[in-house]
Amino acid sequence: MIFRRLTFSFIFFFTTLICLAQSTNQAYWSYIDQYKDWAIEQMQQYHIPASITLAQGLLESNAGRSSLAREANNHFGIKVGSTWTGPYVLRDDDAKNEKFRKYKSARESFIDHSKFLQGKRYQNLYSLGQTDYRGWARGLKAAGYATNPAYAEALIRIIEMYSLHQFDTGKYHSQKTTTNKQTDINSEDYFYSRHAVYSGNKNYFIIVEVGDDMATISRNTGVSLRKLYKYNDLPRDYTPTAGDIIYLQKKRKCASREFRKNPIHIVDVNQSLFDIAQLYGIRLESLCKLNGWSEPQAVQVGDILRIR
């Protein structure tokens, strides 16, 4: 059943520990979709798990929306330090007017992040396996990357919530390529040149892009319109919005095993029960049953839902 409205202080503590990145909104998936290939590229060159790079980018830059990311292209909160000779911006952090590195582009920030983690204090991390994202997250905190005591758990939660560990093998999609110089905008090859196929909770899904409609998604994925609506708990008059998650198979009855130790979700701003069901790949009916409801109900910020 749902646990209603925690006290403010407990909400703050619990949210910091478990729920720093629970924004199930277009910005998070758009960020992942935009930067996943760079994270994999850096992993292949520097052996830093792509999931860690993406999770740090999401957390440090608020999915690219922080002023530091927008004005200085700094996606990882890296300060100037003793070796930096480039431009910088001032921001209040642990102290007032601290100096943060400024980059010409987001790509330069991703590259510098990898080089930054080559420093002596992080060398022990490279003895971990490339898929050991939990070890990397805890190692980054232990090495002093951030002062937030919940930093490691926040990274782990982001990785598991958004299935970022699927990128650590570099084999995250069944995307098709074409050798044609020009591709018909209505062709299947064109569709898959714009859409990666992700995996999560033993399912596959795509992220809606601008210009998509349900008929186009159905035609190119081979999943009938009837099934797409049913799999995603959608009404027949639903119009997809960029950043939406569309599952290609029937969703599960509960969240994946990664959440067995923390089988809850704290409702964030502008989240509906449907949003939460889509985020974890859970059938809406099953999410209701997990919380003792016979039918969907409205939720409020701070509400705690069982997801497993």
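## An exposed asparagine and a buried serine

N270 is exposed, because its relative accessible area is 73% (buried means under 20% relative accessible area, exposed over 50%, and partly exposed in between, using a 1.4 Å probe and protein chains only). This residue sits in the loop between β6 (264-266) and α11 (273-280), where helices (H or I, at least four residues) and strands (E, at least two) are DSSP runs numbered from the N terminus.

S163 counts as buried because its relative accessibility is 10%.

## How the model was treated

The structure is a predicted model, in which local features need pLDDT of at least 70 and side-chain atom pairs count only at pLDDT 80 or more, while totals for chains, interfaces and linings use all residues. Residues are numbered from 1 along each chain as its sequence is written, and side-chain values use heavy atoms, with hydrogens and water left out.

## Salt bridges

Side chains of opposite charge can pair when their charged atoms come close. The structure holds 12 salt bridges, each being a side-chain nitrogen of Lys or Arg within 4 Å of a carboxyl oxygen of Asp or Glu. One of them joins D33 and K36, whose closest N and O atoms are 3.4 Å apart; both residues lie in helix α2 (residues 26-46), 3 residues apart, or about one turn of the helix, and both are buried.

Another salt bridge brings together the side chains of E98 and K79, at 3.0 Å from N to O. Because E98 lies in strand β2 (residues 98-101) and K79 in the loop between α4 (67-72) and β1 (88-91), the pair ties together parts that are 19 residues apart in sequence. E98 counts as buried at 18% relative accessibility, whereas K79 counts as partly exposed at 27%.

A further salt bridge forms between K251 and D233, with the closest N and O atoms 2.7 Å apart. This pair links distant parts of the chain, with K251 in the loop between β5 (245-247) and β6 and D233 in the loop between α10 and β5, 18 residues apart. K251 counts as buried at 1% relative accessibility, while D233 is partly exposed, with a relative accessible area of 29%.

## A serine in helix α12

S286 lies in helix α12 (residues 284-290) and counts as buried because its relative accessibility is 11%. When neighbours within four places in sequence are left aside, S286 is in contact with R252 and K253, where contact means heavy atoms within 4.5 Å.
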